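Open the model in your viewer and keep the selection tool ready. This tour goes from one stop to the next and says what to look for at each.

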Amino acid sequence: AMVAHPEAEWIWWMDSDAVFTDMYFKVPLQRYKQHNLVVPGWPDMVYEKKSWVSLNTGSFFTRNCQWSLDFLDVWARMSPRSPDYKFWSETLMSTLSDKMFPGADEQSSLVYLLLTEKKKLGDKIYLENQYDLSAYWVGVVGKLIKFTRTEADAGKNLPLLRRRRAEV
């Protein structure tokens with residue numbers, strides 16, 4: 001996508017099981033002007049706890065630039081298709097405090113790269129935790145009921161779902 005669309009400044013990766021729940025959300029791209037990769041995550045969990053669940057690679061932004069292409073190449077070398085997969089699997093298991101199953105996956109690999117290449121990558125990767133860029137659907141479904149109230153409920157100080165596009 002990056003090579004095919006050089007006019008695009010940013011590419012938004014989303015896993016195939018991701019769902020948009022707010023069609024009016026505006027990504028605060030100005031916040032990321034000094035960064036090339038934006039991933040939902042928590043710095044203390046990455047750098048202090050060394051947790052493999054300290055970030056979520058199911059949805060992230062990458063700037064369409066040479067840095068990102070080079071970084072994605074390094075990151076991909078840790079994937080299951082890599083000839084070094086066994087090495088990376090063992091390395092990640094021994095490095096990340098709470099990794100419970102063997103195998104190199106994109107999430108663990110990114111945490112490892114942040115830990116081992118913090119000086120090189122830290123300024124270019126932004127761990128976003130100010131808004132929910134990715135959430136587990138099971139955790140979200142139960143909260144949706146408060147946003148689906150009818151207009152009859154409006155006087156009860158309940159938040160209303162924004163007007164759906166189909167109704168416009």
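## Stop 1: salt bridges

Begin with Arg77 and Asp73: the two form a salt bridge, with their closest N and O atoms 2.5 Å apart. Bear in mind that this is a predicted model. Colour Asp73 by accessibility; at 39% relative accessible area, Asp73 counts as partly exposed. The pair is one of five salt bridges found in a search of the whole structure.

Next, select Lys86 and Glu90. Their side chains meet in a salt bridge, 2.8 Å from N to O. Both sit in helix 3, residues 85-95. Why is the separation between Lys86 and Glu90 about one helical turn? Because they are four residues apart in that helix. Now show the surface. Lys86 is exposed, at 59% relative accessible area. Glu90 comes out as partly exposed, at 46%.

Move on to Lys99 and Asp105. Here too is a salt bridge, and the closest N and O atoms are 2.8 Å apart. Are these two residues buried or exposed? Lys99 has a relative accessibility of 6%, so it counts as buried. Asp105 has 18%, which is under the 20% cut-off, so Asp105 is buried as well.

## Stop 2: Arg63

Select Arg63, in strand 3. Its relative accessibility is 13%, so Arg63 counts as buried. Show side chains and find Glu9: the side chains of Arg63 and Glu9 make a polar contact at 2.6 Å.

## Stop 3

Turn to the second largest pocket, which holds about 410 Å³ of space. How many residues line this pocket? There are 17. Select Trp13, Phe60, Leu72, Trp75 and Glu106, the lining residues that lie nearest the pocket's centre.

Now colour by secondary structure.

- strand 1 (10-14)
- strand 3 (59-63)
- helix 2 (66-76)
- helix 4 (106-116)

Helix 2 gives the largest share, three residues. Finally, colour the lining by residue class. Ten of its residues are nonpolar, four are polar and three are charged.

Terms used
Residues numbered from 1 in each chain as written. Predicted model: local features only at pLDDT ≥ 70, side-chain atom pairs only at ≥ 80, totals over all residues. Heavy atoms only, no water. 1 Å grid on protein atoms, 1.4 Å probe; cavity = no way out; pocket = protein on both sides within 12 Å on 5 of 7 lines; lining within 4 Å. Points joined across faces, edges and corners; volume = space filled by probe spheres on them. Helix = DSSP H or I, 4+ residues; strand = E, 2+ residues; numbered from the N terminus. Nonpolar A, V, L, I, M, F, W, Y, C, P; charged D, E, K, R; others polar. Buried < 20%, exposed > 50% of the residue type's maximum accessible area, 1.4 Å probe, protein only. Polar contact = N/O pair within 3.5 Å; in protein donor to acceptor, adjacent residues only side chain to side chain. Salt bridge = Lys/Arg side-chain N within 4 Å of Asp/Glu carboxyl O.
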